[in-house]
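Student: Could you go through this structure with me, setting each value against its definition?

Tutor: Gladly; here is the structure to look at while we talk.

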Amino acid sequence: MDAPPEQEDCRPFITVASYLEAMQLHAPRVLEADLDRGFLLLSDLGRSPYLDVLRSTPELTAQLYTDAINALLKMQHAGIAYQSELPPYDEKLLRFELSLFRDWLCGTHLNLAFSESDENVWQSCCDLLVANALQQPQVFVHRDYHSRNLMVSEQHNPGIIDFQDAVEGPITYDLVSLLKDCYITWPPERVLAWAMDFYAELAGDTRARMSEAEFIRHFELMGVHRHLKAAGIFCRLNYRDGKAGYLDDIPRTLKYVTEVAPRYAELRPLQQLISERVQPSWEADS
């Protein structure tokens, strides 16, 4: 890893890598580190991201997702020993993430001016989503657990990368990142079945704190948060970092939001805002 110190701090990566190794999860081991120059020598997890294999060999899908869900359950269970050492996924961070949609997609990219009514709708949505995240059981959260950050491995599948932003946060965050992936889409009934497989394997005391219905609500609202954030980040990557390719993934992320929002009365104004203002402006701009 080449991470110039003036641009990247390698220490969180090294710390979280040590936690994952202690949990006996398959993540890069740090063999040598030169923090002054930003060089790390890491064990190699190969060149087969989940995304590539899911597209080329779809018959492996069921096994790959079983492995990913099992690794996530292990991370959350074994991660109890380390989660308090991680930064908190607190209200300030949650609200900042939501602001990325408002500022970068609606503002910078689409040049949408929010009316007072739009602003009220947006703030009410943010209040709901932040409360949902904070109400959930708090666990060890990878924070970007999806098909581009999981590597297919012959042994101890999956390999887990890009974990340096790990936090202590909501139990459904990594699950929704995995199952409602910004880069590949699965039928809603399959996503629900996988989510319930995860729920069934949670510790009994955790399930006692969330009924199935409460778990699904947490999962779906967490997805809305995740996808609003991701749409904003994809625009930021375009304008700030010159990575225009991520713009192609925005329609998928917005579709996740518009599929869920009609099921929750509190989110119907958000659905209207996206379908009547954001999506038409996006299509006109594309």
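**Reading the terms against the values**

Tutor: Leaving aside neighbours within four places in sequence, Leu228 is in contact (heavy atoms within 4.5 Å) with Leu98, Phe101, Trp122, Cys125, Leu129, Val257, Leu270 and Ile274. Please keep in mind that this is a predicted model, in which local features need pLDDT of at least 70 and side-chain atom pairs count only at pLDDT 80 or more, while totals for chains, interfaces and linings use all residues. Residues are numbered from 1 along each chain as its sequence is written, and side-chain values use heavy atoms, with hydrogens and water left out.

Student: Which residues of the largest nonpolar core touch the most other members?

Tutor: They are Phe101, Leu105, Leu228 and Leu270, in a core of 93 residues; a nonpolar core is a set of buried Ala, Val, Leu, Ile, Met, Phe, Trp, Tyr and Cys residues joined through side-chain atoms within 4.5 Å. The largest share of this core, 12 residues, comes from helix H9 (residues 212-241), where helices are DSSP runs of H or I with at least four residues, and strands are runs of E with at least two, numbered from the N terminus.

Student: Why is Cys125 called buried?

Tutor: Buried means under 20% relative accessible area, exposed over 50%, and partly exposed in between, using a 1.4 Å probe and protein chains only. Cys125 has 3% relative accessibility, so Cys125 counts as buried, and Cys106, with a relative accessible area of 0%, is therefore buried too.

Student: What makes Asp103 partly exposed?

Tutor: The relative accessible area of Asp103 is 41%, so this residue is partly exposed; Asp103 lies in helix H4 (residues 91-109).

Student: How do you know that the buried residues of H1 are on the same side?

Tutor: The buried residues of H1 are Phe13, Val16, Ala17, Tyr19 and Leu20. They cover an arc (that of the directions from the helix axis to the C-beta atoms) of only 160° around the axis, so they are on the same side of H1.
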